[in-house]
Each structure stands twice: as C-alpha cells, then as structure tokens.
Amino acid sequence: MANFETVEVSTDLLIVGGGMSACGAAVEAAYWAKKHGLKVVLVDKAAMDRSGAVAMGLSAINQYIGQAAGDNTVEDYVRYVRQDLMGITREDLVYSIARHVDSTVHLFEKWGLPIWKDENGKYVHEGRWQIMINGESYKIVVAEAAKNALKTLGDDCIYERVFIVEPLVDGDKIVGAVGFSTRENKFYVFKAKAVLVGMGGAVHVFRPRSTGEGLGRSWYPPFNTGSSAYFTIRAGAEMTCQEVRFIPVRFKDAYGPVGAWFLLFKSIATNAFGEDYMVTHPDVLAEFAPYGLTKPIPANLRNHLGLIDERAGKGPIYMQTADAIRRLADAYPDEKQRKKKLKELEAEAWEDFLDMTISQALLWAATNIYPEEKPSEIAACEPYFIGSHSGASGAWVSGPADLAPAEYFWGYGNMATVKGLFCAGDASGASSHKFSSGSFTEGRIAAKEAIRFIVENNVEPKVDMGKVEELKAAILKPLDTFEQYKGMTTDPNVNPNYIRPMQFMFRLQKIMDEYAGGVSKSFTTNKHLLERGMELLTMLKEDSAKLAAENLHELMRCWENVHRMWQAEAHIRSVMFREETRWPGYYIRADFPKMDEENWKCFVNCKWDPNTGQWDVFKRPIISIVD
Ligand code: SFD
Ligand code: AMP
C-alpha cells in the first residue's frame with residue numbers, strides 16, 4: 001500500500017461509467033457545462049471505445065418511437081412498458097425517455113451509425129419499437145462523440161481503466177468517489193459537486209449455465225458487476241425493484257439474441273414435440289390477467305410458458321429457424337427471386353450474431369448448424385440485473401418536473417434520494433425498456449439536471465480526508481493480505497488465511513443459484529430457502545474481509561465481487577418481502593405462487609442506512625399517468 005500514490009481530482013460533475021448512459025451524459029453535460037464554465041470528468045473501469053454492454057456491438061436499436069412520422073406515440077410506449085413489466089413501472093420516467101429518444105437515434109445516425117433503410121428511405125423495423133442497424137462498431141461511434149464533447153472542456157476530462165469502488169458522502173449529499181487504476185499503483189480521489197452514476201447492471205451474481213470450457217460465458221457482459229447498485233446503496237440511496245431480475249431467452253450455450261428471429265423473421269419456438277408453447281397454455285396466461293391476456297405477452301410470461309414445457313420433460317425447446325426462413329422465402333413465387341431472398345435471409349441470420357454475439361456464430365459453425373435447414377436450441381439464461389432491458393432494478397430517482405406526481409418528485413429529474421447523486425441507464429430503476437438508445441437519452445436527461453443542480457447548489461464538496469485514508473487502506477488491503485500469507489501453502493489458491501476472488505464468486509453464485517432461485521432450481525424459491533440463503537450470504541460477507549489479490553487485476557476482481565454481493569443481498573431481501581409471484585419466468589415464490597394485484601401492485605423499495613448498517617424494505621405506490 002505504501003507504494004500507492006494518491007491522486008486527487010476535483011471537478012464539478014463526475015460521471016462514473018463510460019457506457020451508453022455515461023456517453024449520453026458526457027455529450028449533454030459538455031454542452032451545458034461550457035455555458036456555465038463548469039468542469040466534467042468521466043471515469044470508466046475499461047476503455048470507452050469497447051466498454052459496457054454494447055462492447056461487442058448490437059444488431060438493433062430497441063427503442064425508437066418514430067414520433068415525427070406518426071408511427072407511434074409516447075403514450076403507446078408507456079403502455080407497452082407497463083404491460084411488459086406486469087404493471088410495475090414508473091410511467092413518468094418511461095415517458096420522459098420516450099419523448100426524447102428519437103432525437104438520440106438521429107444523432108447516432110449523424111455520427112455515422114449505419115441504420116438499415118428500405119427502398120423508400122425509411123428505417124427497417126425489427127418489431128414495432130426496434131430498428132435494424134449494422135452495429136458492430138456501435139459503441140466506438142457513440143464513445144467517439146462523447147470523447148469529442150468532453151475534449152471541448154479540456155484534456156483532463158477522461159480517466160479510463162480506473163475502477164470506482166466507493167462513494168464519498170457528506171451528510172445527505174454526495175461529494176465524490178474513490179477508486180484505483182487497474183494499470184498503475186494509483187489510488188484516485190474524485191471530489192465533485194454532483195455525481196452521475198452509469199456503471200451498468202450485474203452479471204455472475206447467479207451461477208451461469210456455462211461450465212468447464214465455456215465457463216464465464218453469459219448473455220450479459222462480464223464487465224458489469226453491480227457497481228451502480230453498490231455505489232448507490234452505499235451512498236444511502238433508496239433503491240427500487242431489486243427483485244425484478246431479468247432472464248432472457250437466448251440461443252443455448254453461446255447466448256445469441258432471439259429478437260430478430262421472433263420479430264423480424266416471425267419465427268416461432270416449440271418444444272421437442274413441435275408444440276408452440278405460446279398457444280398451448282391459455283389457462284396459465286389467464287391466471288396472470290390482465291397482463292397474460294393482453295398483447296404483447298410480457299417477456300417473463302413468454303419464458304414461463306417455455307419453462308412449463310421444459311419442466312414437463314418436453315425439451316429441448318427449439319427456435320424453428322428453418323420454417324421461418326422457408327416461409328419468408330416462399331412468399332416469392334418466382335424461383336430466382338425466392339433463391340435470392342433465401343440467400344439474403346441466411347446472410348441476415350448470421351449477421352445478427354456477428355454484429356453482437358460472435359460466439360454464437362462460432363458455435364453454429366462448430367456444431368454444423370445451418371439455420372435454413374434445421375432448428376436451433378434456445379434456453380432461459382441465468383438471472384441478470386439490468387434495469388434498462390426487461391428487468392427493472394436500480395435506484396429510486398425523481399421524475400421530471402412537468403410529468404412526475406408529487407410522490408415521485410424531489411427537485412431534479414433523475415436525482416436519487418441522496419442530494420447531487422444522479423442515475424441513468426441500468427443505474428436507475430423502475431423504467432425498463434430503455435435499451436441502448438433510451439439509456440443514452442436518460443444519460444442526457446440526467447446530465448442536464450445534474451448541471452442545473454450544480455449551478456443552483458454551487459458549494460465546494462467537503463471531503464473528509466481522514467475517511468479517505470481509511471478507505472484507501474480497506475480498498476488496497478487484499479493486496480497486503482495476499483503478500484502476507486501467500487507463502488503459507490504450496491498452492492496459492494488454497495489458503496486458510498484468505499479467499500481469492502474467483503472462489504469467492506463461486507460461493508456467491510452457489511448461494512444465489514440454490515437458495516434464490518437460479519437455473520439449477522428452475523428459478524423457484526420460497527421464504528425458507530431465502531432465509532437460509534441470507535444466512536450463508538452473511539457469512540460470505542464476513543469472509544469478504546479476507547479477500548486476497550495477487551495484482552491490480554485481481555484487486556479489481558475482489559471489489560467486483562463485493563459489489564455483486566451487495567446486489568445479491570438487495571435482491572434476496574426484496575424477493576423475500578414481495579409475497580406473491582408476479583414475474584414467473586423470472587422467478588417463482590413457491591410459497592406464494594399466485595399474483596396478488598390487491599396487495600402487491602406496488603413498488604418494493606429498499607434502503608441501507610450507512611449510519612446504522614440496517615436495511616429497510618417497504619412499499620411505494622404506483623401512480624399511473626397514462627390511461
Ligand atoms: O437485443 C465502471 N441491449 C440492447 N439494446 C439495444 O438497443 N439493442 C440491442 O440489440 C440490445 N441487446 C443487448 C443489450 C444488452 C446486452 C447486455 C446484450 C444485448 C448482450 C441493452 C443495452 O446494451 C443497455 O440497455 C445499455 O448498454 C445500458 O447502458 P448503461 O450505460 O446503463 O450500461 P453500459 O452500457 O453497460 O455501461 C456500463 C459502464 O460502466 C462501466 N463500469 N466504471 C468504473 N468503475 C466501475 N466500478 C465500473 N463498473 C462498470 C463499464 O466499463 C461501462 O463503461 S438485445 O440482445 O437485448
Ligand atoms: P431480445 O433479442 O430478446 O433482447 O429482443 C429484442 C427486442 O425484441 C426487445 O425489445 C424484446 O422485448 C423484443 N422481443 C423479443 N422477442 C419477442 C417476442 N417474442 N415478442 C415480443 N417482443 C419480443
């Protein structure tokens with residue numbers, strides 16, 4: 001620890017994270033900061049060009065309203081999100097993003113992102129809200145714009161490969177963050193008048209399906225490890241929807257996307273006996289009325305129907321790719337045209353993976369899959385925390401002044417319940433279906449409000465440097481622990497004096513998988529399992545003081561796992577509190593297997609008190625703003 005330099009950086013606005021929401025925040029903040037002569041600093045644990053969920057690229061922009069063309073209205077989008085989340089959504093937040101999202105998409109196009117166009121120059125839609133892109137370089141295009149915007153404020157605005165660990169708080173106000181370089185022996189202290197959190201969601205909290213040679217493969221990118229949740233919880237912010245994990249259905253083992261198959265190619269999925277599970281369970285859908293009886297059927301119910309068949313021994317579940325391609329090609333009676341269309345469809349099918357999940361294309365090639373000839377297995381993934389997709393976990397933030405009911409408004413849009421702490425993308429909860437475009441848009445909204453907050457509350461951050469020294473010692477401790485004890489066993493992985501981050505992660509994943517309804521329990525849990533899980537998690541928490549790191553990379557791994565562990569705790573506590581099953585297909589409470597609209601049509605929020613270390617879990621009302 002002695003050879004770690006402490007680097008102090010002072011700024012007005014600090015943006016933590018460098019993904020879609022942080023890039024949106026950077027672009028917007030730079031504009032407003034310039035007007036007011038303010039400084040903005042962005043910190044990413046990785047390199048912005050390829051960081052976060054969009055690192056590998058994407059094949060579609062999943063939120064586009066098409067307002068100008070009159071394709072849809074913002075209200076339509078709010079209804080869609082409310083329906084998909086089984087009624088549990090902050091309509092003011094969804095509305096606020098949806099009304100601005102088209103302008104974001106137009107900016108992306110201006111910056112060079114290729115969006116598919118039809119012969120009339122209109123965007124090619126994958127589904128009602130989704131438009132197709134050649135998105136292999138999506139993140140590079142967006143990051144370039146963000147970096148260019150920040151560069152207009154100065155040369156010292158971007159810190160890459162710096163891992164943010166902990167918030168700095170003064171009373172009820174955020175005053176900065178601390179972290180460390182993953183490349184040099186440097187400990188960073190960022191002092192700020194406002195902090196905007198955009199550090200994504202969390203993966204590898206639950207044991208993944210992948211094992212052995214595929215270990216670590218998941219749908220969600222491995223770089224997002226619960227830092228947003230940890231940062232906001234530890235700052236004392238109220239959190240919401242921590243029970244609403246997301247389980248996507250994906251092509252099995254390489255986790256390739258299904259959206260293009262279901263929506264663009266109009267494919268169906270069946271069980272191994274050829275039965276379409278979406279039509280063979282009307283009774284189950286009726287149990288979850290009104291949502292189960294309204295189109296589109298919510299993502300979790302779609303999962304649930306497939307899982308019912310799987311549990312009944314009717315697997316594997318297949319995407320009927322060959323049928324879908326044949327159907328589309330057969331629409332061309334002319335043989336030459338039909339063959340041309342077939343080739344086009346084959347190319348599109350492969351490109352869908354090559355744009356965003358290259359390993360799925362490799363797995364198809366390696367396992368002799370020709371999508372035009374035979375179907376391909378799909379499966380429900382392990383659970384993830386991603387409030388910007390079809391999950392909802394994140395911080396409880398204020399809505400916009402012109403839309404939010406009084407209960408949802410406390411002065412600045414997208415500000416958490418801690419003063420000066422703003423959240424966007426996966427970091428803000430209860431406003432699902434933002435996706436890449438909506439997350440960037442929310443970053444813009446939050447950054448504009450954060451700058452307004454700074455202008456109206458322009459006081460120097462009071463940082464307690466004694467506390468910072470304590471944090472520095474605690475954060476770097478795993479390096480010392482390893483050095484101290486590494487020689488005491490012949491195998492450095494097995495040591496009674498410490499635990500390495502990989503083993504720590506395995507233990508966390510086992511607890512979550514077996515007690516909180518992971519893959520091996522077919523996403524099913526109950527009060528007793530959750531209580532036992534909490535007991536084991538408490539012991540894991542104790543052992544986190546014994547984490548050991550051989551180098552800077554492992555030090556990051558240690559703190560990533562501590563972040564995951566806190567996300568896990570918020571999840572278990574919230575699942576335990578909500579005594580119903582509202583999102584089967586994400587999880588089932590076997591002791592409360594039915595949805596209970598009367599008692600549980602509400603948000604489940606929670607809060608950890610930094611002064612007492614106590615958790616509080618409680619209800620918040622749903623206030624609808626759209627009919
Ligand atoms: O269809 C720290 N998403 C899709 N959106 C679309 O619009 N189209 C698609 O095609 C999408 N597909 C998709 C999507 C997500 C994933 C995981 C897959 C496929 C496989 C959703 C979007 O990608 C998502 O909504 C946004 O990216 C969310 O934005 P944001 O800003 O909340 O998170 P981020 O982009 O992942 O960025 C996180 C950043 O934080 C950094 N970070 N920095 C410092 N310190 C720490 N401790 C940090 N921890 C994390 C990261 O490096 C990163 O910069 S489809 O298949 O669903
Ligand atoms: P995915 O590839 O599953 O992430 O899907 C991309 C987009 O399409 C998301 O907006 C999903 O909600 C939506 N989507 C995927 N499959 C379906 C389906 N079967 N019905 C309706 N919407 C879907």
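Tyr 77 and Tyr 80 lie three residues apart in helix α2 (residues 74-84), so about one helical turn separates them. In this predicted model, Tyr 77 is buried because its relative accessible area is 1%, and Tyr 80 also counts as buried, at 15% relative accessibility.

A pair of aromatic rings is described by the distance of the centres and the angle of the planes. The count of aromatic pairs comes to 36, and among them Tyr 77 and Tyr 80 form a tilted pair, with 5.5 Å from centre to centre and 55 degrees between the planes.

A second pair can be followed from the buried residue Phe 251, which has 1% relative accessibility, to Trp 261, which is likewise buried, at 0%. The ring centres of Phe 251 and Trp 261 are 6.5 Å apart and their planes stand at 70 degrees, so this pair is edge-to-face. Phe 251 belongs to strand β12 (residues 249-251) and Trp 261 to helix α6 (residues 259-264), ten residues apart, and the pair thus links distant parts of the chain. Both residues are members of one aromatic cluster, which also includes Phe 265, Trp 350, Phe 353 and Trp 364.

Aromatic rings also meet charged side chains here: the charged end of Arg 90 sits over the ring of Trp 396, 4.7 Å from its centre, while that of Lys 541 sits over the ring of Trp 566, 4.2 Å from its centre.

Finally, His 304 is found in helix α8 (residues 299-311), where its relative accessibility of 8% makes it count as buried. Apart from neighbours within four places in sequence, His 304 contacts Val 284, Phe 288, Arg 311, Pro 584, Gly 585 and Ile 588.

Conventions
Residues numbered from 1 in each chain as written. Chains lettered and ligands numbered in written order. Predicted model: local features only at pLDDT ≥ 70, side-chain atom pairs only at ≥ 80, totals over all residues. Heavy atoms only, no water. Helix = DSSP H or I, 4+ residues; strand = E, 2+ residues; numbered from the N terminus. Buried < 20%, exposed > 50% of the residue type's maximum accessible area, 1.4 Å probe, protein only. Contact = heavy atoms within 4.5 Å. Phe/Tyr/Trp six-rings, centres within 6.5 Å; stacked < 30°, edge-to-face > 60°. Lys NZ or Arg CZ within 6 Å of the ring centre and 35° of its normal.
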